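I opened this entry to record what I looked up around the ligand and at a few backbone positions. My notes follow in the order in which I took them.

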Amino acid sequence: MAKTIFVLNGPNLNLLGSREPGIYGRETLIQIAARTEACAKAHGLGLEFRQSNSEAQLIEWVHEAGENADGLIMNAGAYTHTSIALLDALRAVALPVIEVHLSNIFAREDFRHRSYVAPAAQGVISGFGGQSYELAIEAMARLLGSKGKAKKKKK
Ligand code: CA2
């Protein structure tokens, strides 16, 4: 059976394409989802691509991924920089996690340099626009391919 990857997107990412093109580009989240889906398919992976503005909903989906998915790619949006609850949820699931961002968060305001997601992640891909998601699929395919259902390392 094909392995399934959850791609979870946080607050305001549904606005992509309409505002702030200088920072986030002109692609909509729907277009990014289509590209990510094609990339996953090329790697023989199933994909569940979702977005929510609610922290609680994102946490529920992380729990669901823990039950039903083989890997998790997360752009937590601004919750990246604030949410200990999301960090706890990500730590609680025995899944490889890759953090993604469209923009290079380290080249932006100081408050974006801190990520609460990163300590629970295998790695971070930041600054490649919509391509960050494809790079994350590529990395996840290697993680899962090399180890079967890759387990997160104990930290
Ligand atoms: O670069 C990323 O992917 C971010 O996760 C995007 C978040 C930001 O808070 C993080 O620091 C970095 C913001 C997403 C908001 O997206 C918008 C899109 C269009 C217009 C306004 C916001």
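I began with Asn 75, which I found in strand β3, residues 71–75; strands here are DSSP runs of E with at least two residues, helices are runs of H or I with at least four, and both are numbered from the N terminus. The model is predicted, so local features need pLDDT of at least 70 and side-chain atom pairs count only at pLDDT 80 or more, while totals for chains, interfaces and linings use all residues. Residues are numbered from 1 along each chain as its sequence is written, and side-chain values use heavy atoms, with hydrogens and water left out.

Is Asn 75 buried or exposed? I noted a relative accessible area of 3%, so Asn 75 is buried (buried means under 20%, exposed over 50%, partly exposed in between, with a 1.4 Å probe and protein chains only). The side chain of Asn 75 also makes a polar contact of 3.5 Å with the side chain of His 101; such a contact is a pair of N or O atoms within 3.5 Å, where within protein one must be able to donate a hydrogen and the other to accept it, and residues adjacent in sequence count only if both atoms are side-chain atoms.

Next I turned to the ligand, which sits in the largest pocket. A pocket is, on a 1 Å grid over the protein atoms alone, an open set of points with protein on both sides within 12 Å along at least five of seven lines, and a molecule sits in it if more than half of its atoms lie within 2 Å of its grid points. Of the 17 residues around the ligand, I listed Asn 75, His 81, His 101, Leu 102 and Ser 103 as those that come nearest, a residue being near if one of its heavy atoms lies within 4 Å. By class, I recorded eight nonpolar, six polar and three charged residues in this shell (Ala, Val, Leu, Ile, Met, Phe, Trp, Tyr, Cys and Pro count as nonpolar, Asp, Glu, Lys and Arg as charged, and the others, Gly among them, as polar).

Which N or O atoms lie by the ligand's oxygen atoms? I found an oxygen atom of the ligand 2.7 Å from an N or O atom in the side chain of His 81, and an oxygen atom 2.7 Å from a polar backbone atom of Leu 102. For Ala 78, a polar backbone atom is 3.4 Å from an oxygen atom of the ligand. Taken alone the ligand exposes 510 Å², of which the protein buries 93%, by the Shrake-Rupley method with a 1.4 Å probe.

I then followed Ser 103, found in the loop between β4 (97–101) and β5 (123–126). Ser 103 is buried at a relative accessible area of 9%, and its side chain is joined to that of Arg 108 by a polar contact of 2.9 Å. The C-alpha atoms of Ser 103 and Gly 25 are separated by 9.1 Å, although the two residues are 78 apart along the chain. Gly 25 lies in the loop between α1 and α2 (29–42) and counts as partly exposed at 26% relative accessibility.

Last, I checked the loop between β1 (4–9) and α1 (21–24), where Asn 12 has its place. Asn 12 has a positive phi of about 75 degrees although it is not a glycine. Glu 20 lies in the loop between β1 and α1, with a positive phi of about 50 degrees, and is partly exposed at 49% relative accessibility.

Conventions:
On a 1 Å grid over the protein atoms alone, a cavity is a set of points where a 1.4 Å probe fits but cannot get out, and a pocket is an open set with protein on both sides within 12 Å along at least five of seven lines; lining residues have an atom within 4 Å of a point.
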